[in-house]
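Please follow this walk through the structure with the sequence and the coordinates at hand.

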Amino acid sequence: MEWYSIDTWIVVVGALAAVACALLGNFLVLRKMSMMGDAISHAVLPGLAIAFLITEARASLTMFIGAAVVGVLTAVFTQWISRFGKVDEGASMGIVFTSLFAVGLLLIVQAADHVDLDPGCVLYGAIELTPLDVVWRPVLFGTTLEVPRAALVLAGVTLLNVGFVVAYFKELRISSFDPELATTMGINSNLMHYMLMTLVAVTTVAAFEAVGSIIVIAMLIVPAASAHLLTDRLWLMVLLSCVFAILAAVLGHLSALIVPGWFGFADTSTSGMMAVMAGVLFVVVMLSAPKYGILLKHIRKTEAVQ
Amino acid sequence: MPELADIWNVLFLRDYNTRLVVICTILLGCACGLMGGFLLLRKRSLMGDTLSHATLPGVGFAFMLAVAMGGDGKSLPMLLTGAAVTGVIGCWAVLFIRNQTRIKDDAAMGIVLSVFFGAGVAVLGMIQTMPEGSAAGLESFIYGKTASMVLSDFRILVLVTICVLSCSLLLFKEFRLLCFDESFAASLGWPVKVLDVILLGLVTAVTVAGLQAVGLILIIAFLITPAAAARFWTNQLDRMLLLSVLIGGASGWFGASLSAFYPRLPAGAVIVLVAALCFLISMLLGVERGVLVRWLRQTQLQHRIGRQHLLRALYEILEANRQGGELAIVAVPFRQIRGRRTWSDRSLRDCIRRAYDDGLVEMQVKEDTIRLTEAGLAEAAHVTRNHRLWELYLIEYADVATSRVDRDADMVEHVLGEKMVARLESKLQTYRSAGTLVPASPHPIVPGD
């Protein structure tokens, strides 16, 4: 295996995307809304289509805004249907994102005469290609760094999310565990919900535009779930989830380069392997966690029986 | 604009080209509607989403295996088997994570979805570098197209639908208990985990069969939307499932027909939107849990409570003004009633107007006073008595019997039983003044004016 500076950038971009997602993922997992990332990544299609039909160009900024707006709408509609219709949150999420996707599909087909707007290539970036789009060349210790656009965008999103989680940590904690208590304490848990959902939408769209949807969906859930098995403290859970996210990104790219070689293949998709590595870390934690791990729980149980 | 005869031919399956597609989507809508009902009640609606993503690595592995054995990588039975295998493993993983750890259903589904889909992407990434790599069509396996169904799809769908239908009928009682009270079913000694696996196995069968026929999004929608729509109309499982099957079938039928007239409308998207429309209509108009019905019920409840408040306020004012033994009906000024509670002018006027329509009070508009009628006084006495009994019960006993505290004062006899009411009555003797059936309030409050 040979390691180039491109590989370093792939890992950096992957880790940034993973950390940005994992930070917010903690609160999604605690609020039992883990599937939001998946829902948003399907639902943004009409946003992209409308942005395209209005501007008649594939400018990334308008596309981004269109997608982010529809992402927020997904969360809003989900909330409405589950509140006013008393429908299970998962079900209302499913109804909203399938309907929005269908609307997007119809719009695209209507416009398909004069454009090629393939959801597969507009929607999802490929992490392997991100280092090619260099926008900034700072000189550091005599070497020129070639910073890709995706790294800058995702660093911005990560900083935004870190700021949000740090600034509103108390509010997020209380409104995630006990919305009623939060309301009695004068915290607007509805506002917190929508702020969180807006950030989830922005992060999801920014990240899948840069690195592909699979990393987003996986990193919104898996690192946070792993961390949830290790600790009862929220701040520790948030920190651990970031550690797992970075580990998954590093191991993911390494295994994308190494593992296929064992079976006689050259290499494979980095984003897929990052998701798989997040899953492997989850399995390790699930088996070996001190308090909630399966193995130790099993051992304690057999000891108690004896 | 299509001719009327064409519409007729498509809707009633006379048109050869569209017949197969329409029948297939109807079948799939019915089967998914049935399974979706169970999933909805188990709060696992997104299981279809998880499952359909979890099939991807299976498709990839099956392709590799087929090529390694020297066969054609794209043989349908092989790919379907692969998809079903990883689908079942995915289901098992969701159940395992949920049962063995503190991770909840939604996160378990999300983990399986993303990790399996990631594995699928990785496997497909490897296949693309194979020398035999004619893998181009593999991804479209998971995004199938509704309009391109063939006879083999039809056979598979018929088989799956029959299988799903017969299993649900045979195990209806078991599935019902599983949906409503899993731990009770377990305590009865039923094999809850086996039942859960059978249920999810059926869902897997429907998903895999449907995926390559109609595509990912339609399957997910079919498994959620008809069931969620049916839920608004009834509280009974058998009726809900029947309705869900009908809605699923009807949206398949109508959506597929519609897209047959207009070639620019992709069938999958139209069907999803027809089902979503059914859902919206049901959400508004559903007779059991619809938004409109629940709003009406809420308003009625508020009216009843308002009426009780008004009568009690009037009664207590008369009680305070009483001279000697008998309670005399006198006109009470509006301001005085307004001062008894924190209610707005408007809501109080509404209350009074409704009480007037029911013949409980009379109004003198000029002096702005309100008078109880005889019937009104009788009901006011009843309401006030029950309210005071409740108050006393809450003061004396509620610390040991909070479960029996009911907000509606009307229910006092039904909830507490004759014995307790008699005991409360005798307790209230100390507060009771002579010559009236209504005991005095155990905690007199001097209202503001």
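Axes here are lines fitted to C-alpha atoms, for helices over the stretch in contact, and angles run from 0 to 180 degrees between N-to-C directions. Helices (H or I, at least four residues) and strands (E, at least two) are DSSP runs, numbered from the N terminus. This is a predicted model, in which local features need pLDDT of at least 70 and side-chain atom pairs count only at pLDDT 80 or more, while totals for chains, interfaces and linings use all residues. Residues are numbered from 1 along each chain as its sequence is written, and chains are lettered from A and ligands numbered from 1 in the order in which they are written.

In chain B, the axes of helix α3 (residues 47–68) and α5(B) come within 8 Å and cross at roughly 25 degrees. Because angles under 35 degrees count as roughly parallel, over 145 as roughly antiparallel, 65 to 115 as roughly perpendicular and the rest as oblique, α3(B) and α5(B) are therefore roughly parallel to each other. Their crossing is left-handed, a term used if the near helix is turned anticlockwise from the far one by less than a right angle, with right-handed used if clockwise. Residues of α3(B) that make the contact include B:H53, B:P57, B:G60 and B:M64, and those of α5(B) include B:M109, B:F116, B:G120 and B:I127; two residues are in contact if their C-beta atoms, placed from the backbone, lie within 7 Å. By class, the contact of α3(B) with α5(B) has 16 nonpolar residues, four polar and one charged, where Ala, Val, Leu, Ile, Met, Phe, Trp, Tyr, Cys and Pro count as nonpolar, Asp, Glu, Lys and Arg as charged, and the others, Gly among them, as polar.

A helix pair in chain A can be read in the same terms. Helix α1 (residues 5–30) of chain A and helix α7 (residues 149–167) of chain A pack at an angle of about 25 degrees, with their axes 9 Å apart, and α1(A) and α7(A) are therefore roughly parallel to each other. The crossing in which α1(A) passes α7(A) is left-handed. Among the residues that meet are A:W9, A:L16 and A:L23 in α1(A) and A:L154, A:N161 and A:V165 in α7(A); the contact of α1(A) with α7(A) has 16 nonpolar, two polar and no charged residues.

Further along chain A, A:A182 lies in helix α9 (residues 179–184). A:A182 is buried, with 21 other C-beta atoms within 10 Å; a residue is buried if 20 or more other C-beta atoms lie within 10 Å of its own, exposed if 12 or fewer, and partly exposed in between, with C-beta atoms placed from the backbone. Leaving aside residues up to four places away in sequence, A:A182 touches A:I174, A:S175, A:I187 and A:S189. The C-alpha atoms of A:A182 and A:K170, twelve residues apart along the chain, are separated by 9.8 Å.

Chain B holds 18 helices and three strands, and of its 449 residues 45% count as buried. The three strands form an open antiparallel sheet in the order β1-β3-β2 (chain B), where two strands pair if DSSP finds at least two bridges between them. The edge strands, each pairing on one side only, are β1 (332–333) and β2 (361–364) of chain B. Helix α16 (residues 345–357) of chain B packs on this sheet, touching β2 and β3 of chain B, and its direction makes about 120 degrees with that of β2(B).

Two bridges join β1(B) to strand β3 (residues 369–372) of chain B, with B:T369 as the bridge partner of B:P333. Four bridges join β2(B) to β3(B), and B:V361 stands opposite B:L372 in β3(B). β2(B) and β3(B) form a hairpin with four residues between them, and B:D368 in the turn has a positive phi of about 55 degrees. The covered face of β3(B) has B:I370 and B:L372, and the uncovered one has B:T369 and B:R371.

Finally, the contact between the chains takes 43 residues from chain B and 48 residues from chain A. On the side of chain B that touches chain A, α5(B) gives the most, with 15 residues. The residues of that side divide into 27 nonpolar, nine polar and seven charged.
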